[in-house]
Amino acid sequence: MLYSKKVLLNVSGMLLALAATSDALATSLLNERLNGATLLAQSPSPTSFPLPSAVPSGTTVRLDGSSSMIIINERLKKRFEEEFAGTTVNLAANGTDDALDAVLKGDVDLAAVGRPLTDEEKARGLVEVLISREKIAIIVGPDNSFNGDITYEQFAQIFRGEITDWSELGGAPGAIRVVDRPESSDTRLSISRYSAFQGTEFKTDSNSTQVSEDDTDAVVSELGNDGIGYAIASQVIDRNDVKIVRMHQVLPDDARYPYSQPRGYVYTGDPTPAALAFLGFATSPQGQAAVQEAIQAEASGVDLEAVAASPVTSPDTQADPSPVASPDAQADPSLVASPDAQAIDPSLAVSPDAESSPDVALVPAPSADAAALDRSLPWWLWWLSIPILGGLLWWLLKDRGSQAIPVDSVAPVRTAIVPPAEPVPAVKPTATVIPAAGVAAAGVAAAGAALIARSPESHIILVPRNCREAYAYWEVPPDRNADLREQGGRKLMLRLYDVTDIDLDQQMPHSVKQFDCTESDPDLHLPIAADDRDYVAELGYVTEDGRWLKVARSPHVRIPACPSAPVDPVKLTPTAIAAGGTALVAGATALVAQTTIPSEPESDRPPVIEPSRIVLTPRSSKDAYAYWEAAESGKATLKEQGGRHYQLRIYDVTNINLDQQPAHSTQIYGCDELAQDRHVPIPVSNRDYIAEIGYLTEDDRWLKLARSAPIRVPTDRVEPTPNSPGDLGDLAKTAGVVAAGGTVLAAGVAAIPRPIPPTELTLDRTPSAEPSRIVLTPNSPTEAYAYWEAPEPNKAVLKEQGGRTLQLRIYDATDIDLNQQPAHSTQMYDCGEEARDRHVPIFVSDRDYIAEIGYLTEDDRWLKLARSAPVRIPATPTDVTDTPAIPATQATSIPTERCAITTVKVHSKANCFLLDAEQMQRLQQDIAVTQTLEPGKYLIRIKSGAFNYGSASGRVAEPLVLLWIYDGKIINQKTNVPVGATWSSLNGYNETLNLDVLETATLCTFFFDTYLEDNQDEVTVSVVRM
Amino acid sequence: MEGCVVTDLKVHSRNNCYLFTPEQMQRIQNEVAVSIALEPGINIVKIREGAFSYYSGGFKGEPLVILWIYGGKVINRKTEVEVGATWSTLNGYDDTLTLDVKEKATLCAFFLDTYLDDNDGEVDLSVVRI
């Protein structure tokens, strides 16, 4: 199918920001009429995806979508196919809605869209990646006498027929006629998403003309002297037959101009490899250059006849997509059976006789070179996946938390006094009490709830210091500040909301205080007017016209209650602090008292609470930052209980309750007593983590001082932050959060030696004739592979000693003797009893690592089964493969063995053996033993018997069978992917195939061979429908 | 096993064996499959990444691969039988084929299909020799 529409673009255009929605600007727009709608924004996109290093030849990207994306699609297709030889991008332009349906059905990889997704569409799993953003210009005819300025609210009123005469806008009297676009127009849909149009049905009144095609020329031709319409700015900005109307005193070439239309691509939540590759390219510098070319081509009036003549196909015109499993495939007459040599030459047999047929069996591996090449290349999809998913997560999260409080409840704030526009529940009148002593334990506990809110770019921390003071610290990338200033932000402010017992997204805060901030000082001490209440800090910019452009918001933090104590009237100061504001509540029905903290003598300050608390915040998809404040009293208590080794622990707690279940993985870092923060690598992103600080006792008990709230580490792209990794700690320290002496403990300087616990076992003490052993092999600078063998008798001994959970531990043992000193870091992975290997992430390369396999007891003792030799994880990939294991220094290591990891790629086309339809039909109908599988759960296994290629060579039979399941919809629980057909094998009597049959399917059981006559025996396959 | 339906299928080594011609097998081994030489020792084969997609009816790709091991004596630890050649598949990222290679052998990894053009994806196979 060719493009359905011809789009003639003949203007030179401005280059529009490659943008993604910014929640800050969304907030700014929402501030005018906040209603929770997702809005568009103009900020430059922080999202860029790296160029794939390679895309397999034969990759086909199927793309359908909006006609507004035709030129961009074409440009990207051309560049993509040039960049990656052998790839194909199939284009169609059936419209956004149809394309989205096609994506959902899996008929195409990507939809090219010219509008934002609706919430409903997002809920269906669709994810958008913005490629460009176009301003939408409001236009009138060149002879229209109106030369004024309108607001977007006025344009909405014009659109709805509420403003019908130009004189209402300051122009000469005359009726206004709206020239509207068709309802399917992406530009129209984009405008409809703005807040000014929310709350009422998006439709014109009788004062309108609606063009039939989403064509700017058609709109322009309809304008006349009384019409007002809208169009992509780049399509009209240089035309002399239209006049662009200023909005809010600016034209569309100004970043502050409000209306824009996003253009981009949409995929399902689980993008296809082809989609990932194309998105990776589209967002790469090369791809972006192509997009810019396309935009310029649009603006310079490229006639799309040529474009439309390009090979664009709709999915339904593509070649037969049926796989071998599909009945269609079987019936496809195009699948002509190939001449099949039926004569069997036993000398060429590949079963037992294969050994005697070197021309067949002794095949020099043709992929040896290719494999080597493969090893030298990062796997392109994996390389892509992190940033892509990061972008996905960023996109998904971009609007979270962006819904500011209803605007009516918080008027635009120009001064420190913020009068709510509506009555709000009165905060209890508070007599400010400066506690003479420490705060009660309950307060201490509450104060420990320091939390960090984080957007992909900016975050703010609100930490209670005591019942009268909190501390806010934030990080905002400079370009984010610049962006918001460009959007009209004039003054950086911090708002402190009293959110006790309310949902700030749904209700008005009890009070709002606003504080001046400077971009150079990322922190502020905040006076707390009312104690024993919940607060939220929000950082943002106030614009000239009072709009609030939110940068980041912290979660709720409970400020502890002040203990009852005599009020010292000297310390009650009803004036605002220099940097602070005054909180008024409930329309002056209640006044929240203020406290002047800075004027107090240091000695009179309320003593800082000493809660033991720890905060964990994600810094990127691979890095998190832990900050803690440990009460000396708490530390002393735990030391009295036997605490010896001060440790930070990072737990992967995804979908578990850490109090009830073991963590999926645990990282352990020895800490100096004075340390208060640490950057920690994150093994796997898009998972939940918890940090704990505490002590390990000599007998391996864990005494916890504090535990953080769980955080989700996003699959974010890694980008430079304004501060180097170490700067956060430094900034925090200079800001006063960290108590004196706080340091980041460098890896490897944990000072407290930890002798081997007496309960540890080595091979020498296990009774098995076969030793337990474990091998750790570097796989890449970021990954290693552990393989172990632990005979059951050895395991049984440790179980008798209390071993409960089989665990793999990876120690960073660089330059230390693990028998005498604690590891620099430890990763722990719970393993199933049947597990024998695991790939583990390596956080820091060019260091030595040791693996141990063993059991963890209920009381946290470690019973070691085996320890590997130390292995240096090299810094460069080329040093990784075929790395000889370091000669063993432990009894349990494997001496002088070489370990090698080979990685090969098996491509779906290049490495797919073609059977014709006739052959498949024969397999399915004549050869295999078949069983219809009605919907339900099945357990399939070899019950008895074996398959024997023949006895000539004396081999015994092997229990195996091959399986082909087709013509339905099934899920092999090993892959957990619904498919229409799949292959499997059963090898051995213990292997099972667990199938969820969603639609009736057929199971075929059979063998493969080239010579039948000497085959012997049979297997019995048990098919149990549960 | 109340509530369950149990069916036994007898699969015979000759009657239910699909015959590849030698030319077909040679093509699989020499031209189609990715081949890896297996040196004696423990070799662990896993799918690391990726998926194979037929693009049938909108189904997503599935991490699977078909394996043919030949040319030397091996023991698949799942069967514990020493054989000169064997078939297996890997299904999913947790599925592991542990081969005790007694004599140098060759591992062929490939897919089967009747129509290639709409296939998509690839799988990364790792072979770790201990």
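Analyst: A polar contact is a pair of N or O atoms within 3.5 Å; within protein, one must be able to donate a hydrogen and the other to accept it, and residues adjacent in sequence count only if both atoms are side-chain atoms. By that rule, 42 residue pairs are in polar contact across the interface of chain A and chain B, both residues at pLDDT 80 or more. On the side of chain A that touches chain B, the classes are 69 nonpolar, 34 polar and 32 charged residues; Ala, Val, Leu, Ile, Met, Phe, Trp, Tyr, Cys and Pro count as nonpolar, Asp, Glu, Lys and Arg as charged, and the others, Gly among them, as polar.

This is a predicted model, in which local features need pLDDT of at least 70 and side-chain atom pairs count only at pLDDT 80 or more, while totals for chains, interfaces and linings use all residues. Residues are numbered from 1 along each chain as its sequence is written, chains are lettered from A and ligands numbered from 1 in the order in which they are written, and side-chain values use heavy atoms, with hydrogens and water left out.

In contact terms (heavy atoms within 4.5 Å), 135 residues of chain A meet 103 residues of chain B. The two chains bury about 10300 Å² between them, 58% of it on carbon and sulfur atoms; buried area is the accessible area (1.4 Å probe) that two parts lose on being put together, summed over both.

The interface of chain A and chain B also holds 7 salt bridges, each a side-chain nitrogen of Lys or Arg within 4 Å of a carboxyl oxygen of Asp or Glu. K905(A) forms a salt bridge with D124(B), with 3.1 Å between the closest N and O atoms.

Strands pair across the chains as well. Strands are DSSP runs (E, at least two residues) numbered from the N terminus, and two of them pair if DSSP finds at least two bridges between them. Strand β49 (residues 1001-1009) of chain A and strand β2 (residues 17-19) of chain B are parallel, with 3 bridges; F1008(A) has Y18(B) as its bridge partner in β2(B).

An open sheet of 6 strands, with antiparallel pairing, has the order β46(A)-β45(A)-β48(A)-β43(A)-β50(A)-β1(B). Its edge strands, each pairing on one side only, are β46 (977-979) of chain A and β1 (5-12) of chain B. Within this sheet, β45 (residues 969-972) and β48 (residues 992-999) of chain A run antiparallel and are joined by 4 bridges, and N972(A) stands opposite L995(A) in β48(A).
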